[in-house]
Amino acid sequence: MAVKPGPQDELKNDGRPDISQTKYGGQKRWVKRYRTEVAASMSSILSTFVAFPLDSVKTRMQTYKYDSFTDCVRHTYKTEGYRGFFRGVTAPMASVTLVRTISFSVYQRSKYTYAEWFKRNFGVDPLVHVNTPGTYPNLSTIACFGAAGATAGSFITLVACPFELTKLSAQVSVLMADRKVSSVSEPSTGRAVAASYQNKGTWKTAKNIVKHRGFAGLYSGFNLHLLRDTLGTAIYFMTYESSKQLLTTYRGDKSPTNPFAVVVAGGLCGVASWALIYPIDSAKSIYQRNCLTHCKGEKVKKAPKIQFFNKRMYRGLGVSMGRSCVVNSIFFSAFEFIKKQINSIED
């Protein structure tokens, strides 16, 4: 009969510990301990790369006028080729992975903190409720997930803002330098500054921004970015967790990570968050675009007002919602799958 290995089996014949066993055992424990961060980073790399062309088209439609989605795609391909759709992909590959990893880590810790507060003050535990089979979202779970999402969103803006600015620069630098599509209000020197951003990697773009606008230039549009991420991330997690619970209960599934519920909830959370914060994102993108055509000390036109009923502020919304639906369906499917695989690892 086979005997279960004991601690002594990790020793070599000469009595010394088997370093390989100890090493891999430690790695497994580390991966399991940080499974949220590991799953978030791996899933982010995959989902960001797959859907990046749609993000590029979205930014171009926000900052310059095109007749339609197909017009933007046609013009980009004609003037820049396939490469145009992937300009700036390095920045979000790095930033989205870093931001999502930090965001999910902060979110996980925040939701436990808020759940404890609810339990202490109201006698209800939102996390126990959401993990109880047959239950539906209630006020405590929605508030808990929303507050945790807002905390994560406001925290990550410090990290995300410089990366997103370099991404936007790469995506629209060719258009900014083009006399035919640049705004007539932009000075000719502005086009020269814009041209200096073309065909540069993430690091060189960041250095160029610092050169023209100083270190603070990396945080151009920070206030709008903070507002967008705080509200958007709150809606994002609130929609995902609530939709997943609702679908799981409605379908009578016992597992909270049922693939169907995860895919649908992932798509919904991306669509819902963008639909509600898009005018804020448009105002941010336009202001940041304007900053990139000016040097330090030059007066930059104020950011446009956030107008929720102005059609102009929704240019590219369909592209953005479609992209977000695809990205988050892929992301959460991969995220839940990887976490499940890590949980099944034996120490």
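Keep in mind that this is a predicted model.

**Exercise 1.** Sort the residues lining the largest pocket by class, then work out which elements they come from.

*Solution.* Start with the classes: the lining of the largest pocket has 13 nonpolar, twelve polar and twelve charged residues. Of the 37 lining residues, K111, N131, E241, K244 and K339 are the closest to the pocket's centre. Now go through the elements: α2 (35-63), α4 (90-122), α5 (126-130), α9 and α11 each give two or more residues to this lining. The biggest giver is α9, with seven residues.

**Exercise 2.** Describe how helix α9 and helix α11 cross, and list the residues that meet there.

*Solution.* First find the helices: α9 covers residues 222-251 and α11 covers residues 317-343. Their axes come within 14 Å and cross at roughly 65 degrees. The handedness of this crossing is right-handed.

**Exercise 3.** Find the cavities in the whole structure and describe what lines each of them.

*Solution.* Searching for cavities of 30 Å³ or more turns up two. Take the largest cavity, at about 730 Å³. It has 30 lining residues, and V96, R100, R228, W274 and R323 lie nearest its centre. α4 provides the largest share of this lining, seven residues. By class, the lining of the largest cavity splits into 13 nonpolar, nine polar and eight charged residues.

Now turn to the second largest cavity, with a volume of about 40 Å³. Its lining consists of K58, T59, Q62, E164, K167, L168, Q171, K284 and S285. Helix α6 gives the most here, with four residues. The class count for this second lining is one nonpolar, four polar and four charged.

**Exercise 4.** Is N343 buried, partly exposed or exposed, and which residues does N343 touch beyond its sequence neighbours?

*Solution.* Locate N343 in helix α11. Its relative accessibility is 40%, so N343 counts as partly exposed. Now skip the neighbours within four places in sequence: N343 is in contact with K32 and R35. Finally, compare sequence with space: N343 and R33 are 310 residues apart in sequence, yet 9.5 Å apart in space, C-alpha to C-alpha.

Key
Residues are numbered from 1 along each chain as its sequence is written. This is a predicted model: local features need pLDDT of at least 70, side-chain atom pairs count only at pLDDT 80 or more; totals for chains, interfaces and linings use all residues. Side-chain values use heavy atoms; hydrogens and water are left out. Axes are lines fitted to C-alpha atoms, for helices over the stretch in contact, and angles run from 0 to 180 degrees between N-to-C directions. A crossing is left-handed if the near helix is turned anticlockwise from the far one by less than a right angle, and right-handed if clockwise. Contact means heavy atoms within 4.5 Å. On a 1 Å grid over the protein atoms alone, a cavity is a set of points where a 1.4 Å probe fits but cannot get out, and a pocket is an open set with protein on both sides within 12 Å along at least five of seven lines; lining residues have an atom within 4 Å of a point. Ala, Val, Leu, Ile, Met, Phe, Trp, Tyr, Cys and Pro count as nonpolar, Asp, Glu, Lys and Arg as charged, and the others, Gly among them, as polar. Buried means under 20% relative accessible area, exposed over 50%, partly exposed in between (1.4 Å probe, protein chains only). Grid points are joined across faces, edges and corners, and a volume is the space filled by probe spheres set on the points.
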